[in-house]
Amino acid sequence: MNAVLSFIIVLGVLIFVHELGHFLLAKAFGVRVLKFSLGFGNKLVGWQWGETEYLISAFPLGGYVKMHGEHQGEEEVQPEDRHRSFSHKAVWQRFGIVFGGPFFNLLFAVALFFCMFLVAGIPEPVDSTRIGEVSVGSVADQAGLKAGDVIRSIDSVPTASWIKVSERIKDSGGKAVTLVVDRQGKELTFTAKPVLQKEKNLFGEEVGERYMLGIVRSDEIRYRPASIGESGEAALLQTWNLGYLTVMGIVKMVQRVIPASELGGPIRIAEMAGQQMEAGWMNLLYFMGLLSVNLGILNLLPVPVLDGGHLVFLSLEAVRRKPLSDRTMEISQKIGIAILGTLMVFVFYNDILRLVKRWLMS
């Protein structure tokens with residue numbers, strides 16, 4: 001139930017924010033908006049307010065803003081209505097309307113992180129020597145080290161930070177080291193021989209080798225109170241970093257560094273949203289901010305049907321001084337729909353396969 005509720009909250013808010021960006025930019029440039037819909041397909045609920053019909057539709061994975069004269073050739077625009085028609089606006093104005101959706105997702109993430117940092121403070125890692133995880137079967141595991149142990153010294157040299165712990169193990173040259181740890185107030189001594197292992201980055205790529213024991217630092221954090229300025233700066237930096245990781249994740253997936261099986265769809269999002277909600281509202285809000293950045297970046301991909309594809313078409317129109325032919329646009333749209341349809345089937349397959357594996361292992 002938590003998964004369903006949190007999924008509806010997260011996805012509903014992000015879709016609303018995205019479509020609101022298109023809507024407000026269209027209004028700002030004087031375009032008549034005919035429909036504002038959360039979801040696709042058949043209308044579930046709808047009401048007319050001014051010149052716009054607001055809808056909640058049956059299929060919740062998306063939304064749309066229908067503008068007057070949006071598809072030139074499909075609907076006749078009277079001469080007196082051209083000033084309210086999307087297709088009759090300048091290229092830069094149409095570019096702004098299309099870009100408004102992804103931009104609002106990124107802006108929403110900044111605003112969300114800003115509020116979180118201002119209320120709860122800016123999270124900072126606690127630089128301790130507490131072990132957060134011991135790899136099963138590793139040298140540390142065999143020696144008897146456990147998660148929660150605090151490393152006081154290595155070879156009689158005090159370790160005041162995790163960097164010192166890492167350096168002492170890396171510089172051991174493979175010789176056995178003696179660790180003195182604090183375990184729930186008791187001082188214990190262990191001896192372990194570091195082994196040379198592949199060092200990997202965030203995306204799983206090998207970046208070198210170094211001596212390791214098979215321990216990971218604790219991910220403890222503390223929240224530092226922050227001013228409005230500090231919260232704003234941290235929110236912008238957080239959004240930038242998440243955007244960079246999203247772009248690099250796409251690049252690494254194309255390079256096949258990250259396996260395609262890691263892609264998740266609506267079921268996976270619902271599961272993760274439920275987990276974050278159980279962990280607390282702050283976790284859920286952070287997750288919402290992360291997804292908002294992802295949604296903003298992914299919609300900028302140059303794929304027909306997505307906002308990024310439309311931006312490419314508008315850029316070409318600006319360069320050519322005339323729009324692409326209807327035939328070219330039609331073929332491009334069909335290709336885009338085929339790509340998105342294939343991707344949707346694939347992520348649903350990944351989600352279902354993940355659930356089946358979990359069921360078989362339980």
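Predicted model: local features only at pLDDT ≥ 70, side-chain atom pairs only at ≥ 80, totals over all residues.

Me: What is the order of the strands in the open sheet, and how do they pair?

Reply: Strands of a sheet pair through backbone hydrogen bonds, either parallel or antiparallel. Here the order is β6-β5-β7-β8, an open sheet of 4 strands with antiparallel pairing. Strands β6 (157-158) and β8 (186-192) are the edges, as each of them pairs on one side only.

Me: Which helix packs on the sheet?

Reply: That is helix α4, residues 162-170, which touches β5 (150-154) and β6. The direction of helix α4 makes about 50° with that of β5.

Me: How many bridges join β7 to β8?

Reply: Strand β7, residues 177-183, is joined to β8 by 7 bridges, and the two run antiparallel. Within this arrangement, Leu 179 stands opposite Phe 190 in β8.

Me: Which residues does Leu 188 touch, not counting residues up to four places away in sequence?

Reply: Leu 188, a residue of strand β8, touches Leu 179, Val 180, Val 181 and Arg 183 on that count. For a separation along the chain, consider Leu 188 and Glu 330: they are 142 residues apart in sequence, and their C-alpha atoms are 71 Å apart in space.

Me: Which residues make the nonpolar surface patch?

Reply: Leu 44, Val 45, Trp 47, Trp 49 and Ile 56 make a patch of about 580 Å². Its largest share, 4 residues, comes from strand β1, which spans residues 33-49.

Me: Why does Leu 44 count as exposed?

Reply: The class of exposed residues requires over 50% relative accessible area. Leu 44, which lies in strand β1, has a relative accessibility of 58% and therefore counts as exposed.

Me: Where does Val 305 lie, and what is its phi?

Reply: Val 305 lies in the loop between α7 (281-298) and α8 (307-320). Although Val 305 is not a glycine, its phi is positive at about 90°. With a relative accessible area of 31%, Val 305 is partly exposed.

Notes. Residues numbered from 1 in each chain as written. Heavy atoms only, no water. Patch = residues over 30% accessible without salt bridge, like charges linked within 9 Å, V, L, I, M, F, W, Y side chains within 5 Å. Areas by Shrake-Rupley, 256 points an atom, 1.4 Å probe, with all protein chains shown as cover. Salt bridge = Lys/Arg side-chain N within 4 Å of Asp/Glu carboxyl O. Buried < 20%, exposed > 50% of the residue type's maximum accessible area, 1.4 Å probe, protein only. Pairing = 2+ DSSP bridges. Contact = heavy atoms within 4.5 Å. Axes fitted to C-alpha atoms, helices over the stretch in contact; angles between N-to-C directions.
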